[in-house]
Amino acid sequence: MATLDRLREIVKHHRPSAVPVVADDVRLEGDGFSRRHIESAGVAGGAEAPALQTITTAALELGGALVEHSDGAVIVVDREYRAGDLHGRMPIGEIVSTIADGEDAMQLMAKAWPSSKGIGGRLLFLDLETTGLFGGAGTQAFLVGCASIEGTSIRVRQFLMPGFEHERIVLAELQAWANSHGALCTYNGRTFDVPLIETRFMFHRVPCPLDGVPHLDMLHPARRMWRQRPLAAGTPDPDDSSCSLAVLEKQLAGLHRVGDVPGYEIPSRFFKFVRTGDARPLEAVMEHNRLDLLSLAAVLARAIVLITRGPSAAMTAQEAYGLARVYERGGAYENAEASLLRTIEFAKRVGAEPEVHGEALRRLAWIRRRDRRPHEAAQAWNELAILPRCAAALRREAREALAIHHEHRLKDLITAREHALDLLADGVSNRGRVQHRLDRLERKLARYSEARLPLN
Amino acid sequence: MALPALRPSEHKQVALQSALQVLNSGEALDRPDTPDEVVTAVRRLPAIEAAYAPFPADIDPRLRAAFESRGITQLYTHQAEAFEHVLGGRHVVITTPTASGKTLCYNLPVLDRILKKPSARALYLFPAKALAQDQMAELHELTRSISDVGGDAIGVHTYDGDTPQDARRTIRTRAHIVLSNPDMVHSGILPHHPRWAKLFENLDFVVIDELHAYRGVFGSHLTNVLRRLQRICRHYGSHPQFICSSATIANPAELAERLAEEPFSLVQKSGAPSGEKFFVFVNPPVVNRELGIRRSYIAESRRVAGEFLRRNLQVIVFAQSRLSTEILTTYLKEDFEDVPGMPERIRGYRGGYLPLRRREIEKGLRAGQVRGVISTNALELGIDIGALDVCVMAGYPGTIASTWQRAGRAGRRTGQSAAVMVASSSPIDQFVARHPSYFFDASPEHALVNPDNLHILVDHVKCAAFELPFTTEESYGQVNVQEVLGVLQESGLVHRSGGEDAAGQWHWTSESYPANAVSLRSVSSDNFVVADHTSGARVIAETDFTSALSMLHPKAIYMVEGKIYQVEELDFVGRKAHVREVDCDYYTTAITYTKVTILDRFAEDAPKVALHGEVHVVSRVVGFKKIRFQTNENVGSGELDLPEQQMHTTAYWLEIPLSIINALPYATDDRRDGVIGLAFAMKQVAQLLLMCDARDIGLSVNAGESDGDDTPRIFLYDAYPGGIGFSAPLWGMQAELLSKTSVLVASCDCDNGCPMCVGPIGETGPLAKTVALRILEHLLTGTQAIVREEEVPF
C-alpha cells in the first residue's frame with residue numbers, strides 16, 4: 001500500500017470527535033451562485049485561503065466592511081440599535097437608560113468595581129465565538145463581538161477573522177476597543193471568554209489589554225436571581241442550562257429567536273468559511289452573536305432595575321430571593337432582609353414554593369443573627385422549623401439553631417431538649433453531636449433539679 | 001547520596017553467608033556453573049572502591065556551601081564528568097548502576113544554573129508520578145540547604161494530574177524546576193503552552209530520568225512529545241539541553257538520540273563504591289522429566305526468601321505478576337506471622353494499591369520495620385526504599401537490564417548483599433538459568449523505539465498542529481509531514497492558509513482537543529473498557545483494541561488485582577466488555593488463527609533465508625482453552641465466533657528453503673511439527689533479544705500448506721499497528737537468534753519437546769524437537785552463523 005493510502009486509512013479511522021460536525025449540505029438561502037469549492041487533493045491540489053477579493057465579498061455579504069492593515073485584514077460589521085428598537089419586548093432606549101443610571105447596582109454585583117460616574121457609558125459588552133470549547137493553544141476566537149452604549153443607542157461592532165493568519169489584527173482591534181472603554185461586562189466571561197482572549201494574546205506574546213480591567217460577569221448574579229428551582233422535592237437539581245442566556249432572554253425580555261444557529265454548529269460553520277470563502281453560513285452566527293450581546297445588556301438592565309427599585313420590583317419569590325442574595329453578597333444587609341421578607345410574602349401568597357420559602361427563612365435568620373438580633377433570628381428559625389414541605393436539611397439546621405438558642409441564650413433547657421429530641425427523631429446525620437448536646441442538657445437539668453433551682 | 005552508609009554489623013554478614021551456604025548445599029561460594037543442578041551458578045561480584053573528584057571550580061559557591069553543609073565535600077567521578085559535559089553545552093546521558101548518585105548528576109548543573117541565572121527553568125520528566133514526588137522531597141532538602149547558606153529561594157513543584165487547580169497558575173510562572181511526566185506534558189502542558197510562556201522562554205534543561213523506561217510504544221510516543229516540545233521551545237526562542245539518566249542498557253546514547261533527536265555525550269563509568277554481592281541462580285528441581293515439569297518456582301522462591309528472612313535479613317522479592325505477588329505475600333505472611341500489636345513485617349506492594357498505603361510501606365522499608373516486601377516491577381524504578389540485604393527474583397525479569405536493576409535494590413555501598421534469581425519453567429527462564437554466562441557476560445539489551453510509526457506520528461502531528469500551526473516548509477520526524485498534513489486536510493482537520501505559492505501555514509480546524517484522544521501508553525486510542533457488574537456497574541480496567549479480542553472474548557477469565565472475573569458479554573461496537581466476579585480455578589488463553597501476507601520486502605539482496613518488511617496480518621480468535629492454575633493442565637475449551645482483526649505492521653521472517661525441508665528424512669506431518677516447534681522456540685529467544693514483553697511480538701507460522709508457494713515461513717511480527725521497531729533489529733540479530741534458539745532447544749532436558757523449548761508435548765508432535773534441531777543445523781551451516789563461539793552443552 002502506498003504511504004498516502006496508508007495515511008488516509010489511518011486518519012479515516014481516527015476516533016470520531018465527540019462534537020457533532022456541521023453537515024456538508026447546510027442549506028443556504030439564495031441560489032448559491034458559482035463559488036469556488038476546494039478540491040480535496042492534498043498539498044498538490046492545495047486549498048487556497050480566501051483571496052482578498054473573496055474576503056471583500058464576504059464582508060459585503062455579512063453587511064460589513066473589510067478593514068485592511070499592513071499585515072492582514074479584518075471584517076468589521078457595525079450595527080446600531082436605536083432607542084425605539086425592541087429587543088424582545090424591551091425597548092433598547094429603556095435598556096440604555098437603565099444601564100446609564102445603574103452604577104450603584106453594578107457596584108453591588110461586581111467585585112472591585114470603579115465607583116466613578118458614567119461607567120455605564122464606558123462599559124464594553126463582550127462575547128466571543130470560538131473554534132472550540134476546550135481552550136488550549138489551538139482554540140481561537142474567530143469572532144469578537146463588542147457592544148457599547150452610544151447616546152441612547154447600543155452599538156454592536158463585530159470583528160470577524162477572515163482567515164487564521166489575520167488573528168493579530170482582530171486582537172489589535174479588540175485592544176483598541178478595550179483601551180477606550182473602562183469596564184467589561186460578559187456572560188460567563190470569567191471562566192471562558194477572558195481566559196481565552198488572554199491565551200490568544202499570550203500566544204502572540206502581546207500583553208493582554210483586559211488584564212486588570214474591572215469585569216462584571218453577569219452569569220453569577222443571574223444564577224442567583226433566576227436559576228430555576230426544582231419544582232418538587234426529588235426532581236434533580238437543574239443544570240446550568242436553566243440559567244443560560246437563551247433561557248433568560250425568553251423569560252426576562254420575551255425574546256424568541258427564529259432560525260438561530262445551534263451553538264455546536266458554530267465552529268464548523270467558520271471552518272467551512274475558511275475552506276471555501278463562502279461567508280453565507282456565517283450570517284446566522286453573526287446574528288446569534290449580536291442577539292447574545294443585546295440579551296446580555298437586557299439581563300444587566302433587568303438586574304439593575306431589580307436592585308435599584310428594591311424588593312418591590314421583584315415579580316416572583318425566586319427573583320426576590322436572588323435579589324436578597326445579591327444584596328447580601330454586596331454587603332447591603334438591610335436591603336437583603338427586606339428582599340427576604342418580600343420573598344416570604346410571595347411564597348406565602350403563592351404557597352407553592354417551599355424551597356425558596358425555606359431558604360429565605362434560613363438566610364433571614366443568619367442575617368439577623370449576624371446583626372445581633374438573636375430573638376428575631378430565632379423567630380425565623382421557628383417559622384422554618386414548622387414550615388410544611390420544607391427540605392429536611394433546612395428543618396434540621398433550624399432545630400439545631402433553636403436548640404443552641406434555647407440552651408445558651410434563653411437558658412430554657414426544657415425547650416432546648418425538645419428541639420434536640422426532635423432533631424434525633426428527624427434522622428439527623430450527625431447523631432453524635434446531637435446526642436452530646438442532649439447528654440449535656442440532661443446533666444444540666446439534673447443539676448438544676450438537684451439544686452431545686454427554678455427552671456426558668 | 002543523602003546519608004552516610006551504615007556499616008552493617010558483623011552478624012549480618014554471618015547471617016548472609018550462612019543462608020547462602022544452606023541454599024548452596026554447603027558448597028563453596030566460588031565455584032563453576034552447574035547447569036543441571038538446582039543452584040546453577042553462584043557468582044561473587046567484588047566490592048568496588050569509590051573514585052572521587054573535587055567540586056568543579058566554576059560551581060556556584062553557594063551551591064558548594066550547601067552541599068558541604070550536608071557533609072558532601074567531593075563528587076564521584078561520574079557526577080563531575082556529567083557536570084563538565086553540561087557546562088560544555090552538550091546533551092548528556094548518564095548510565096551508572098542503581099544507587100550511584102545519579103540524581104546529583106542532573107541536580108548539580110541545574111541548580112548551579114538557576115543560582116547563576118534566576119530566570120532559568122528546568123523540566124524534569126519521570127515515567128511515574130511517585131518518582132516525581134520522591135525527587136521533589138530530595139530537591140526540597142537541597143534548596144533548603146541553599147537558602148540556609150544565603151542562596152535565593154528556588155521553586156520546585158510537581159505538576160501532574162493531582163496538582164490542585166489553584167496551585168497551577170503559580171507553578172506555571174514561579175517554579176524554577178517543574179517535575180512532571182510525559183503524559184502530563186502531552187495533554188496538559190504543551191496544548192496550553194501560551195500559559196507556560198515563562199517556562200518555555202527560559203527552558204534551559206529538560207531532564208529525563210529512567211530513560212530506559214521509554215522503549216517500545218511509550219518511547220515512540222516520547223520522541224514525538226519531545227518533537228512537539230522542541231517546536232514550542234523554538235517558537236519561544238529557547239534551546240533546552242537534555243540531561244538523561246538510564247539504567248544499564250546496551251544503547252543508552254543511541255536511545256537518548258532516538259528520543260531527543262540530538263547528539264549525546266555518554267557518561268557510563270561510575271565512581272560510586274559498591275559492596276560485595278553474591279548472585280545466585282536457582283532452577284527448581286525437575287519433578288516430571290517426561291513432561292518437563294519442574295517444582296513450582298513460586299514455592300521455590302518462598303523457600304529461598306525464607307532462608308534470608310529467618311536470619312533477620314531485609315528482603316525484597318520481585319514477582320512477575322500481580323497475582324503471583326499476592327500469592328507470595330500470603331505464603332510469606334504465613335511463614336512469618338506478625339506479632340500482634342507490632343508493625344507488619346511482610347508486605348505486598350504493587351500498582352493498584354492506594355498511594356498512601358504505598359508511601360507507608362516505602363517508609364517502613366527505609367526504617368527497617370518491614371523486613372520483607374513482595375513487589376511487582378513497581379519497585380524496580382528508583383522509588384526510595386533504602387538499600388536492602390537481599391533481592392529474590394521469582395522468575396527471570398525478562399531482560400538483563402531489568403535483572404540488574406532489580407538486583408540493585410539490594411546492596412549498600414559497603415558490606416555484602418545477595419541477589420537470587422529463581423527460574424520459572426518458561427523457555428526464557430530456563431535458557432538463562434542453564435546458561436549463566438549469557439546473563440553475566442553478555443551486554444544488556446537494546447532499547448528500541450519507532451517514533452515514525454505512522455499511527456503514532458499522525459496522532460502527534462494533530463496535537464502539534466493544534467499547539468502551533470505548521471508552516472509549509474516545516475519538517476517533523478523522518479516522514480514527509482507536508483504529506484501527512486495534506487491528508488489531514490482531506491479530512492477537514494487542518495487547513496492550509498497563505499495561498500499556493502507563498503509560504504503558508506497549516507491551521508487546526510476542528511473543535512476537538514486532539515491530545516485527549518491520544519494515550520502515550522498505546523498505539524491507537526481505540527480501546528475497550530471492562531465493566532464489572534458484580535454489584536452495580538463500574539469500570540475496572542481498559543485494554544487496547546489490539547489485545548481486546550484475545551483477552552476479553554466471551555467466557556474469558558480476566559484478572560485484576562488478584563480478583564478473577566469472567567467476561568459475560570463483549571460489546572464489540574460499544575467497545576465494552578461486561579464481566580462478573582467468579583470463583584474458579586482456571587484461566588483462559590485464546591486460540592488465535594493468524595494469517596500473514598507479505599506486502600513489501602526490505603533487504604532483498606541479503607541471503608534469502610531471513611527477511612524483514614511490511615506485512616498484513618489478519619487474525620481471528622477462534623476459540624479458547626481453559627488452563628488450571630498451579631498445574632497448568634488443560635481442563636477444557638470453547639469455540640468462539642468473533643470478527644476478524646486486520647493490521648498493517650512490520651515483521652521479520654524466516655524462509656526455510658524447500659531443499660532443506662525436502663531433504664529431511666521425516667514424514668510431512670513431522671516436518672510441519674518441526675517448523676512449528678522451531679517457531680515456538682524462536683519467539684522466546686526473540687523476546688529475550690528484543691527486551692520486550694511476550695505480547696509485543698506476534699508469531700505466525702506458514703508451515704507449507706498454503707496454495708502455490710510451499711516454502712515454510714516463520715513470521716515474528718510487531719504486534720502493534722504500524723510496527724514499533726522490532727523487525728529490522730531482529731533481522732540484524734538473526735545469526736544470534738538462530739544460534740541461541742539452537743542452544744535453547746539442544747540443551748533442554750526433555751526428550752521430545754516441552755513448554756521450555758519447542759512447546760508442550762501434545763500440542764506439537766512427538767518429533768518436533770528432533771526435526772527443529774535438524775532444520776536449525778541446516779540453517780546454521782547454510783548461513784555459516786557464529787554458532788562456534790557458543791558453547792553448546794551435550
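Chain B brings 47 residues to the contact and chain A brings 45 residues. The size of an interface is often given as the accessible area lost when the parts come together. Between chain B and chain A, the buried area is about 4,000 Å², and carbon and sulfur atoms give 60% of it. Charged partners are found here as well: the count between the two chains is three salt bridges. A salt bridge joins B:Glu201 to A:Arg205, where the closest N and O atoms lie 3.0 Å apart.

Turning to the fold of chain A, an open sheet is built from seven strands in the order β1-β2-β7-β6-β5-β8-β9, with mixed pairing. β1 (65-69) and β9 (215-217) of chain A each have a single partner strand, so these two stand at the edges and one side of each is left without a neighbour in the sheet. On average, neighbouring strands of this sheet are turned by 25° against each other, direction ignored.

Within the sheet, strand β5 (residues 123-130) and strand β6 (residues 141-150) of chain A pair in the antiparallel sense, over six bridges. A:Phe125 stands opposite A:Ala147, which belongs to β6(A). Helix α6 (residues 189-203) of chain A packs on the sheet, where it touches β5, β6, β8 (183-186) and β9 of chain A. The direction of α6 makes about 80° with that of β5(A).

The chain averages a pLDDT of 82, and 85% of its residues score at least 70. Among its elements, strand β7 (residues 153-160) has the highest mean pLDDT (96), whereas helix α1 (residues 3-12) has the lowest (81). Two stretches call for care. Over residues 15-49 of chain A, pLDDT stays under 50, and the model has 54 contacts beyond four places in sequence for them. Residues 230-240 of chain A also stay under 50, with eleven such contacts. Where pLDDT is low, the predicted coordinates should not be read in detail.

Notes. Residues numbered from 1 in each chain as written. Chains lettered and ligands numbered in written order. Predicted model: local features only at pLDDT ≥ 70, side-chain atom pairs only at ≥ 80, totals over all residues. Heavy atoms only, no water. Pairing = 2+ DSSP bridges. Helix = DSSP H or I, 4+ residues; strand = E, 2+ residues; numbered from the N terminus. Axes fitted to C-alpha atoms, helices over the stretch in contact; angles between N-to-C directions. Contact = heavy atoms within 4.5 Å. pLDDT = per-residue confidence, 0-100. Buried area = accessible area lost by both parts, 1.4 Å probe. Salt bridge = Lys/Arg side-chain N within 4 Å of Asp/Glu carboxyl O.
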